[in-house]
Amino acid sequence: MWTAKSVCAHLFSGRISEEQKRLSDDGEKDIGKYRAALSNIFEKLSAEEVKQCEETAVKWNTQPLPDEIQRK
């Protein structure tokens, strides 16, 4: 089951990666900081970006996933 937040993890993975590095004191990414990074980025999304995530979640829950998502 896809949610807006889980879709965000795929659509905005670059932003989340940068935030994860920042939370890891700009060193190597600490896997323990991933959830906090995802939450921070999700909270900072614009209304339009949240809508995109919500609409994509509905689409991914009702239609076959795009190939690039299936491969991950």
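**Entry 1: α1 and α4.** I looked up the contact of these helices and found Ala-4, Val-7, Cys-8, His-10 and Leu-11 of α1 meeting Gln-52, Cys-53, Glu-54, Thr-56, Ala-57 and Trp-60 of α4. Contact here means heavy atoms within 4.5 Å. I note that helices are DSSP runs of H or I with at least four residues, strands are runs of E with at least two, and both are numbered from the N terminus. The model is a predicted one: local features need pLDDT of at least 70 and side-chain atom pairs count only at pLDDT 80 or more, while totals for chains, interfaces and linings use all residues. Residues are numbered from 1 along each chain as its sequence is written, and side-chain values use heavy atoms, with hydrogens and water left out.

By class, I get 7 nonpolar, 3 polar and 1 charged residues in the contact of α1 with α4. Ala, Val, Leu, Ile, Met, Phe, Trp, Tyr, Cys and Pro count as nonpolar, Asp, Glu, Lys and Arg as charged, and the others, Gly among them, as polar.

I then checked the axes of α1 and α4, which come within 8 Å and cross at roughly 100°. Axes are lines fitted to C-alpha atoms, for helices over the stretch in contact, with angles from 0 to 180 degrees between N-to-C directions. Angles under 35 degrees count as roughly parallel, over 145 as roughly antiparallel, 65 to 115 as roughly perpendicular and the rest as oblique.

**Entry 2: α1 and α3.** For helix α1 (residues 4-11) and helix α3 (residues 34-44), I find axes that come within 10 Å and cross at roughly 100°. α1 and α3 are therefore roughly perpendicular to each other. On the α1 side I list Ala-4, Lys-5, Cys-8 and Ala-9, and on the α3 side Tyr-34, Leu-38, Ser-39, Ile-41 and Phe-42.

**Entry 3: aromatic rings.** I find 1 aromatic pair in the structure. Trp-2 and Trp-60 form this pair, edge-to-face, at 4.7 Å centre to centre and 70° between the planes. Rings of Phe, Tyr and Trp (its six-membered ring) pair if their centres lie within 6.5 Å; planes under 30 degrees apart count as stacked, over 60 as edge-to-face and the rest as tilted. Trp-2 lies in the segment before α1 and Trp-60 in helix α4, 58 residues apart. I checked burial too: Trp-2 and Trp-60 are buried. Buried means under 20% relative accessible area, exposed over 50%, partly exposed in between (1.4 Å probe, protein chains only).

**Entry 4: Glu-49.** I place Glu-49 in helix α4 (residues 47-62). Glu-49 counts as buried, at 17% relative accessibility.
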